[in-house]
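Here are some exercises to work through with the model open beside you. Try each task before you read the solution.

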Amino acid sequence: MIAIARLTIGEAARRRILWVLVLLAILAVALTGWGIDRLVSFARASETSELTIQLGVSQILIFIAFQFSFVLAMTAAFLGAPAIANDIESGIALALLARPIRRSSYLLGRWLGHAVVLVTYGAGSALMAILVVSRVSGYTPPSILGPLAYLATEGLVVLSLSLLLSTRLPPIGAGAISVVVYGLSWATGAIERVGIAIAAHNPGVNLEIIGQVGRAILPTDGLWRGVIYGLEPGIIVAAAAGNPLAEANPFFATTPPTLGFLVWTGVWMILVLSLAAYSLRRREL
Amino acid sequence: MTNEPGLVIDVADLRKRYGRVQALAGLSMTVRPGEIFGFLGPNGAGKTTAVKLLLGLARPTAGRGTVLGQPLGDREARRRIGYLPELFRFQPWLRAREVLNLHADLIGMPQTGRARAFDEVLELVGLSERGDTSVSGFSKGMQQRLGLGVALVGDPALVILDEPTSALDPIGRMDVRGILRTARDRGAAVLLNSHLLTEVEQVCDRLAIVDKGAVIAEGSLAEVLGAHETRIRVEGLEPGGMALLDRFGPTRFDGRDLFIKDLPAAEVPDVVATLVASGVRVHEVASGRESLEARFLELVRGNRPESVA
């Protein structure tokens, strides 16, 4: 498994697209840092309250995190989708899997290698953004590790799904389906939150089930809520708690992910990877 | 299965169906230690399917077998098998030595002595100057040589080569014959899956001919080729004249050459004298076995009544 993971990391490091993404992430952080610096300077010059500045900066930070989250999910999908399918199509898998290696070890090696790349890229980019924003604006989110962990886990969830699909589908199909399911998860979460806002005036409306189904299929949206929650100023969260309009904002979270949801995310990943291992074991080469 | 002890490959009535296609229809064969075994057959005969079953890359629909004394696809047995697939591809960004190292990792080869083992393997397959070249810079023939090297890493007890010379020129093919003999001399059994008859004829100790997913002939080259045949190029032989030769053994005439099976060398002058006495002109006499190509065609055509018609 370690040999395959090492091979996978080497393979990813030789992909130009990954280095382009890293450069783009640095560029995005630099531009945002510059923009926030200007914004905060103007705001302070016009004597805007520090709380308002913190709220504004935190929202910009959440937008940056959203961009990273999206790019990370796409990267995960397009790293994972060809990981198995390309090896099988090209014949590389024949030479590898004829060796005394379990197919599950091969799959987990592929997962682990890509996971290292994704976590380094995703968490690294986000940490860089948080530190730069903190330096230029003075706003440091209440939690740094939490949002980074949620963001990285989001990438790992999409990676697991795309690897599962890669055991049976060609790369394009596996990648496209992973992206669509990721989009659906986000959309079901958004619908659920709009439902909360509507329910404030129409008690009969309950769209919670849509969000629950979305999170059950792919827990990325719930993890995204965790990223948001960790990046917001605590005082704003406390003020907005219970306000249905705040709940409806897709870039605002009044509560962190529940323990039950985090357990489900772990179970989901184990289930999906087990299914992927089973699917690959049953696959004839 | 024969259950003969020490067999490297022992399979009985192996069957494999892909949907409606019966890829293997009761394959039985045995390969012994230290022999080069030719696995011959026309395209689509089921050769590659059989290899995949032996390696556990696909599962049989029915039948049993052992490889190196273990059930098909056994992991520990696979540690001692080197394999060059027909569709050979290696990670293009790796150097030749890194490819060998990856496979050494996968079979759990000790770190000590690897460098020297890789030097030997690269030398054997003719890539000693290219060990630090990326696979992306390799021609197809060089990649196939590297594939042979990969199959030989770790001194396997069984080397399975699926069409190992498909990308090689005549010099490369000759080199491969040398490589196969070296592997055999080191004690490995070699399963050579090929449809290149001359290759098999020159290097194999035993062979099996497969058609329609089953073995239709198996044994040493002499056993598969069967009888000796004496060929006599003649002119002026009338159909009725064949009767004169009945006492020498079974004969056939293709209009130009006359063939007599199992004719003792001592009787060749008598046959020539009989022919000359009956007014037939004799141009050439050659004694030997039927070529593998002729025998192969005979067997495959005999197995396919529709093609005879």
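**Exercise 1. Find the partners of strand 3 of chain B and describe how each one pairs with strand 3.**

Step 1. Four bridges link strand 3 of chain B with strand 9 (residues 206–211) of chain B, and the two run parallel. Strands here are DSSP runs of E with at least two residues, helices are runs of H or I with at least four, and both are numbered from the N terminus. Two strands count as paired if DSSP finds at least two bridges between them.

Step 2. To place this pairing, look at Gly38(B), which stands opposite Leu207(B) in strand 9 of chain B.

Step 3. Strand 8 (residues 189–194) of chain B also pairs with strand 3 of chain B, in the parallel sense and over five bridges. Here Ile36(B) faces Val190(B) of strand 8.

A word on conventions: the model is predicted, local features need pLDDT of at least 70, side-chain atom pairs count only at pLDDT 80 or more, and totals for chains, interfaces and linings use all residues. Residues are numbered from 1 along each chain as its sequence is written, while chains are lettered from A and ligands numbered from 1 in the order in which they are written.

**Exercise 2. Decide whether strand 3 of chain B is mostly covered or mostly open, and sort its residues by the way they point.**

Step 1. Strand 3 spans residues 36–40 of chain B, and five of its five residues are buried. A residue is buried if 20 or more other C-beta atoms lie within 10 Å of its own, exposed if 12 or fewer, and partly exposed in between, with C-beta atoms placed from the backbone.

Step 2. Ile36(B), Gly38(B) and Leu40(B) point one way, Phe37(B) and Phe39(B) point the other way, and all are buried.

**Exercise 3. Follow strand 9 of chain B into its hairpin.**

Step 1. Five of the six residues of strand 9 of chain B are buried, so the strand is largely enclosed by the rest of the structure.

Step 2. Strand 9 of chain B pairs with strand 10 (residues 214–220) of chain B in the antiparallel sense, over six bridges. Ala208(B) stands opposite Glu218(B) of strand 10.

Step 3. The two strands form a hairpin with two residues between them, and Lys212(B) in the turn has a positive phi of about 50°.

**Exercise 4. Describe the overall form of chain A.**

Step 1. Chain A has 12 helices and zero strands. Its radius of gyration is 21 Å, close to the 19 Å that the globule rule gives for 285 residues, so chain A is as compact as a globular protein of that length. The radius is taken over C-alpha atoms, and the rule is 2.2 Å times the number of residues to the power 0.38.

Step 2. Along the principal axes, the C-alpha atoms of chain A fill a box of roughly 70 × 45 × 25 Å. Of its 285 residues, 44% count as buried.

**Exercise 5. Work out what chain A brings to its contact with chain B.**

Step 1. The contact takes 17 residues from chain A and 23 residues from chain B. Two residues are in contact if their C-beta atoms, placed from the backbone, lie within 7 Å.

Step 2. On the side of chain A that touches chain B, the elements giving two or more residues are helix 1 (2–13) and helix 4 (92–97) of chain A. Helix 4 of chain A gives the most, with five residues.

Step 3. The residues on this side of chain A divide into 11 nonpolar, two polar and four charged. Ala, Val, Leu, Ile, Met, Phe, Trp, Tyr, Cys and Pro count as nonpolar, Asp, Glu, Lys and Arg as charged, and the others, Gly among them, as polar.

**Exercise 6. Is Lys52(B) buried or exposed, and which residues does Lys52(B) touch?**

Step 1. Lys52(B) sits in helix 1 (residues 47–55) of chain B. Lys52(B) is buried, with 26 other C-beta atoms within 10 Å.

Step 2. Not counting residues up to four places away in sequence, Lys52(B) touches Leu285(A), Leu57(B) and Ala58(B).
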